[in-house]
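Please look through the structure shown here before reading on.

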Amino acid sequence: MRWSVPDLADAIEAGLRRRAAEDDAAQSVYGFDALDELGLQPIVQQACLDAGHGAWPEQRYPGHRHKKSKAEGQRCDLVLTPDGLPLQDAESKGTLFGGAPATDLDQAYWLEIKTVAQFETSGAFRRYSAELLQPVTKDVKKIWSDGVIRFGGLLLILFTANQEIAEHDLAAWHTRCIDKGYPVGPPAVRGFAITDRIGNGWCTAAVFGVRGV
């Protein structure tokens, strides 16, 4: 099984474009760039479903599935499976209830989603640079530190005033990751103009492969 990072980026871009068009058609006071990560995750999930993948939110990392309570352990924002298949439950594998088609944990694509906006509804986001450089790299570590995962990546959604800022900041972030030794591959970057409601005029979706690149 191989996953195509560019294909995932294409699918996510299509979903984000659809949402931008819906916001414009509805003449929304605030667009989807005002949403936080939890608000954007269903948009990304639907985009992946529309592309024919299974898309399973808030799944425990393989390395945390030994915990007795399913409420315990670190979770991945979105886990993708081929052909809409469910994700294999390790507890049922090899049992009478494990015969239905499912995707093994090491064949799924584990996707962390991070969004940073240059402008919020209250004005310029003063922690824009700090938020981009610090918490985002933690998601990379979560994927890389799990020894079961073979395919995984980080989706970084940026909302900026223009395309030039997005390109500069993505390049700076990627360089910082490489300098620190993080195993982040070259991104598949997609971007498009959005209606400026609060200061953001450009949306960028960049998928960085962390495993299986």
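At the start of helix H1, a side-chain oxygen of Ser 4 comes to within 3.2 Å of the backbone nitrogen of Asp 7. The model is a predicted one, and the distances given here are computed from it. H1 itself has 21 residues and spans 30 Å from its first C-alpha to its last, close to the 30 Å expected at 1.5 Å a residue.

Which residues of H1 are buried? They are Val 5, Leu 8, Ala 9, Ala 11, Ile 12, Glu 13, Gly 15, Leu 16, Ala 20 and Asp 23. In an α-helix there are 3.6 residues a turn, so residues three or four places apart point the same way. After H1 comes Gln 27, which has a positive phi, near 50 degrees.

Helix H2 covers residues 37–50. Its 14 residues reach 20 Å from the first C-alpha to the last, close to the 20 Å expected at 1.5 Å a residue. At the start of H2, a side-chain oxygen of Asp 36 lies within 3.3 Å of the backbone nitrogen of Leu 38. Just after H2, Gly 52 has a positive phi of about 95 degrees.

The buried residues of H2 are Leu 40, Gln 41, Ile 43, Val 44, Ala 47 and Cys 48.

Next comes the space enclosed by the protein. The count comes to one cavity of 30 Å³ or more, and the largest cavity holds about 30 Å³ of space. Ala 20 and Asp 23, both among the buried residues of H1, belong to its lining. By class, the lining of the largest cavity has three nonpolar, two polar and four charged residues.

The last stop is His 174, in helix H5 (residues 163–179). Why is His 174 classed as buried? Its relative accessible area is 17%, and buried means under 20%, so His 174 falls in that class. The side chain of His 174 reaches the backbone oxygen of Val 184 at 3.3 Å. Leaving aside neighbours within four places in sequence, His 174 is in contact with Val 184, Gly 185, Pro 186, Pro 187 and Phe 208.

Note on methods. Residues numbered from 1 in each chain as written. Predicted model: local features only at pLDDT ≥ 70, side-chain atom pairs only at ≥ 80, totals over all residues. Heavy atoms only, no water. Helix = DSSP H or I, 4+ residues; strand = E, 2+ residues; numbered from the N terminus. Expected span 1.5 Å × (residues − 1). Buried < 20%, exposed > 50% of the residue type's maximum accessible area, 1.4 Å probe, protein only. Polar contact = N/O pair within 3.5 Å; in protein donor to acceptor, adjacent residues only side chain to side chain. 1 Å grid on protein atoms, 1.4 Å probe; cavity = no way out; pocket = protein on both sides within 12 Å on 5 of 7 lines; lining within 4 Å. Points joined across faces, edges and corners; volume = space filled by probe spheres on them. Nonpolar A, V, L, I, M, F, W, Y, C, P; charged D, E, K, R; others polar. Contact = heavy atoms within 4.5 Å.
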